[in-house]
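Dear colleague,

I am pleased to hand over the structure that follows. Please look through it first, and then read the notes on what was found in it.

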Amino acid sequence: MGTYIRTVAEVQGQDGWQTNTKKVFTNNLTWTGHTADPFTNKPFFSQNYTFFELLAGVRARHNGIVPIAQNRGLPDDTADDSMNELINGWEDCTSLTVPEQNRPMTIYEKVRNRVDWDTNGFSWVTAAELLAVDYDVQVAEQNDPGAVRSLRSALGPTYFVHLKQLSDLGNPSMVRVLFAFSG
């Protein structure tokens, strides 16, 4: 069984963080196996274990990769649309309030009450953090320590296409990717 990622891009505007709905990320149709849109609103959606390791230390296969956003949880200002996409809705809730207290649910409560219990490893990273990574650092495969290559090479070209498309959404410090893993 593999590990998969679920992502949502958010852009900060005058009204706070908003879910990106623009289909700007290249959708490699060979991954989907069907004729989908050539673009999607979700970045970094492919099963790339090197990327998972860089983000959160998930499925670690290299020596030399330092995770950026391990165990951060989700920000308190996460947009509700983004939360819903990441966690597939809320269990036993007809609204986004705690019924007995008539107050909005916290991000922690939304994650705790998620419908999809197979989803885990909730975290986030800004485009600025991704752009600041030294992609020329050399990494070694754990199963073959003699095989050394750059992080850039290990991540592959599609990662950098999505990174460019993500940074084009706005000021990189005001653009972020929320993510969770499943499988």
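A salt bridge, as the term is used here, is a side-chain nitrogen of Lys or Arg within 4 Å of a carboxyl oxygen of Asp or Glu. Please note that this is a predicted model, in which local features need pLDDT of at least 70 and side-chain atom pairs count only at pLDDT 80 or more, while totals for chains, interfaces and linings use all residues. Residues are numbered from 1 along each chain as its sequence is written, and side-chain values use heavy atoms, with hydrogens and water left out.

Salt bridges

By this rule the model has seven salt bridges. One of them joins Lys-42 to Glu-85, with the closest N and O atoms 2.0 Å apart. This pair links distant parts of the chain, as Lys-42 is in the loop between β4 (39-40) and α2 and Glu-85 is in helix α3 (residues 80-87), 43 residues apart. Helices (H or I, at least four residues) and strands (E, at least two) are DSSP runs, numbered from the N terminus. For accessibility, buried means under 20% relative accessible area, exposed means over 50%, and partly exposed is in between, with a 1.4 Å probe and protein chains only. Lys-42 counts as partly exposed because its relative accessibility is 25%, and Glu-85 is likewise partly exposed, at 28%.

A salt bridge also forms between the side chains of Arg-72 and Glu-129, at 2.6 Å from N to O.

The salt bridge of Asp-77 with Arg-176 has its closest N and O atoms 3.1 Å apart. Asp-77 is in the loop between β5 and α3 and Arg-176 is in strand β11, 99 residues apart, which makes this a link between distant parts of the chain. Why does Arg-176 count as buried? Arg-176 counts as buried because its relative accessibility is 3%, whereas Asp-77 is partly exposed at 40%. Salt bridges connect Glu-10, Asp-77 and Arg-176 in a network.

Charges over rings

Two of the arginines named above also sit over aromatic rings. A charge sits over a ring if NZ of Lys or CZ of Arg is within 6 Å of the ring centre and within 35 degrees of the ring normal. The charged end of Arg-176 lies over the ring of Trp-17, 3.8 Å from its centre, and that of Arg-72 lies over the ring of Trp-124, 4.6 Å from its centre.

Strands

Two strands pair if DSSP finds at least two bridges between them. Strand β1 (residues 4-13) runs antiparallel to strand β11 (residues 175-182), and eight bridges join them. Strand β1 also pairs with strand β2 (residues 16-19) in the antiparallel sense, over four bridges, and a hairpin of two residues connects β1 to β2. Val-11 stands opposite Val-175 in β11 and opposite Gln-18 in β2.

Met-174 has its place in the loop between α7 (157-167) and β11. With contact meaning heavy atoms within 4.5 Å, Met-174 touches Glu-10, Val-11, Gln-12 and Trp-17, not counting residues up to four places away in sequence. Met-174 is partly exposed, at a relative accessible area of 31%.

How many residues of helix α2 are buried? In helix α2 (residues 49-56), eight of its eight residues are buried, among them Phe-51, Phe-52 and Leu-54. Just after α2, Gly-57 adopts a positive phi of about 75°.

Rings of Phe, Tyr and Trp (its six-membered ring) pair if their centres lie within 6.5 Å; planes under 30 degrees apart count as stacked, over 60 as edge-to-face and the rest as tilted. The count comes to nine aromatic pairs. One of these, Phe-51 with Tyr-159, is tilted, at 5.4 Å centre to centre and 50° between the planes. Phe-51 lies in helix α2 and Tyr-159 in helix α7, 108 residues apart. Phe-51 is buried at 3% relative accessible area, and Tyr-159 is buried at 4%. Ring pairs link Phe-44, Phe-51, Tyr-135, Tyr-159 and Phe-160 into a cluster.

With kind regards
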